[in-house]
Amino acid sequence: MNDLKKWTGLTAYNFRKTLVSDMHERGADLATIAKQTGHKSIKTINDHYLKVSNRTVDKFLP
């Protein structure tokens, strides 16, 4: 994995963060995201992986 990071800048964390963000933007609840990514704590998902994007907010505005 170190060679992948060295040449591309990609890490397992980057892939997981992308998955979490995508699931969240598509409406998955935090418990489902935590189970899918192997996290025991919803707080970890919320604190370390999610940042509210304009795209997410815009989806819920009239």
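**Notebook: a look through the helices**

I began with the secondary structure and found five helices and zero strands in the protein chain. Read from the N terminus on, the elements go α-α-α-α-α. I note here that this is a predicted model.

Confidence came next. I looked up the mean pLDDT of the protein chain, which is 78. I also see that 73% of the residues reach 70 or more. Which elements have the lowest and the highest mean pLDDT? Helix 5, residues 54-59, has the lowest at 62, and helix 3, residues 30-37, has the highest at 90. I will keep that in mind as I page through the rest.

Then I turned to burial and surface. The protein chain has 62 residues, and 18% of them count as buried.

My last stop was K43. Where is the place of K43? I found K43 in helix 4, which covers residues 42-48. Is K43 buried or exposed? Its relative accessible area is 55%, and the cut-off for exposed is over 50%, so K43 is exposed. I also took the separation of K43 from A31: the two are 12 residues apart in sequence, and their C-alpha atoms lie 9.9 Å apart in space.

Definitions and conventions: Residues numbered from 1 in each chain as written. Predicted model: local features only at pLDDT ≥ 70, side-chain atom pairs only at ≥ 80, totals over all residues. Heavy atoms only, no water. pLDDT = per-residue confidence, 0-100. Helix = DSSP H or I, 4+ residues; strand = E, 2+ residues; numbered from the N terminus. Buried < 20%, exposed > 50% of the residue type's maximum accessible area, 1.4 Å probe, protein only.
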